[in-house]
Amino acid sequence: MKLGVERCAEDEPAARSACSPRCPCSQYFHKDRGGRITAGPLWDYDLSFGTGGYFENHLTEGRQFEQTRQPVANDWFVRLMADPAFARQAEARWQELRRGPLSDERLNSRIDALAAPLGDAARRNFERWPNLTDPVVGFFQTPTADTWEGQVEFMRDWMTRRVAWLDASGWQPGTEPAPERGTGAVPGSGAQRY
């Protein structure tokens with residue numbers, strides 16, 4: 001079950017992507033000759049980290065694979081998480097990741113390292129396309145901020161709240177109350193969805 005455990009523990013927590021892991025259009029597997037089926041690569045994060053406006057992916061609470069949508073995408077991870085042994089392995093993998101590459105310190109460090117070289121390009125981008133305060137860009141609903149740095153801080157705050165919820169959730173699907181739905185507000189951000 002390593003395939004599913006890693007995919008569930010690595011993709012579900014930090015992104016809550018609207019397309020992954022529950023939507024088959026963004027779920028890829030491959031198999032080398034003589035090898036095992038492998039999930040990945042992880043991708044399709046354009047509708048993630050509180051951006052997009054689809055399937056309530058702006059919420060930090062709740063499990064991506066338990067979303068209700070029509071038509072029903074697939075139930076691969078729902079079925080896997082129904083297996084207590086799998087759920088324990090997914091939780092153990094999550095705890096391992098939180099002690100390492102997904103610790104708060106390392107996540108914040110990574111955001112800083114990735115954001116630093118983009119400062120000048122971001123400034124030029126938003127001079128050319130001044131859409132930082134637009135609640136909809138293209139077909140994406142987006143958080144708003146007066147500055148690019150504000151957008152980075154929104155993502156940092158969203159991710160911090162997301163991993164904290166996953167830390168507290170116990171990795172037992174269906175055991176906690178469902179998050180508030182349909183309010184349009186982005187919890188804790190001061191941002192409003194339209």
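Ground rules. This is a predicted model: local features need pLDDT of at least 70, side-chain atom pairs count only at pLDDT 80 or more, and totals for chains, interfaces and linings use all residues. Numbering starts from 1 along each chain as its sequence is written, and side-chain values use heavy atoms, with hydrogens and water left out.

The whole chain. Six helices and four strands make up its secondary structure. Those are DSSP runs, numbered from the N terminus: helices are H or I with at least four residues, strands are E with at least two. From the N terminus, the order is α-β-β-α-α-α-α-β-β-α. The chain has 194 residues, and 40% are buried. Buried means under 20% relative accessible area, exposed over 50%, partly exposed in between, with a 1.4 Å probe and protein chains only. Take the contacts with a separation of 6 or more: 71% come from residues 24 or more positions apart. Contact here is heavy atoms within 4.5 Å.

Now the core. The largest nonpolar core holds 22 residues. By that I mean buried Ala, Val, Leu, Ile, Met, Phe, Trp, Tyr and Cys residues joined through side-chain atoms within 4.5 Å. Met 81, Trp 94 and Trp 171 have the most contacts inside it. Helices H2 (76-81), H3 (84-99), H4 (104-115) and H6 (148-169) each give two or more residues to this core. H6 supplies the largest share, eight residues.

Next, H3. How far apart are its end C-alpha atoms? They are 23 Å apart, which agrees with the 22 Å that its 16 residues should span at 1.5 Å a residue. That expected span is 1.5 Å times one less than the number of residues. Buried on H3 are Phe 86, Ala 87, Ala 90, Arg 93, Trp 94, Leu 97 and Arg 98. They sit on the same side of H3, because they cover an arc of only 140° around the axis. The arc is taken over directions from the helix axis to the C-beta atoms. On the other side of H3, Pro 84, Arg 88 and Arg 99 are exposed. Asp 83 caps the N-terminal end of H3, with a side-chain oxygen 3.0 Å from the backbone nitrogen of Ala 85.

Last, Arg 162, in helix H6. Is Arg 162 buried or exposed? Arg 162 is buried, at a relative accessible area of 0%. Its side chain reaches the backbone oxygen of Thr 60 at 2.9 Å.

Technical notes:
Polar contact = N/O pair within 3.5 Å; in protein donor to acceptor, adjacent residues only side chain to side chain.
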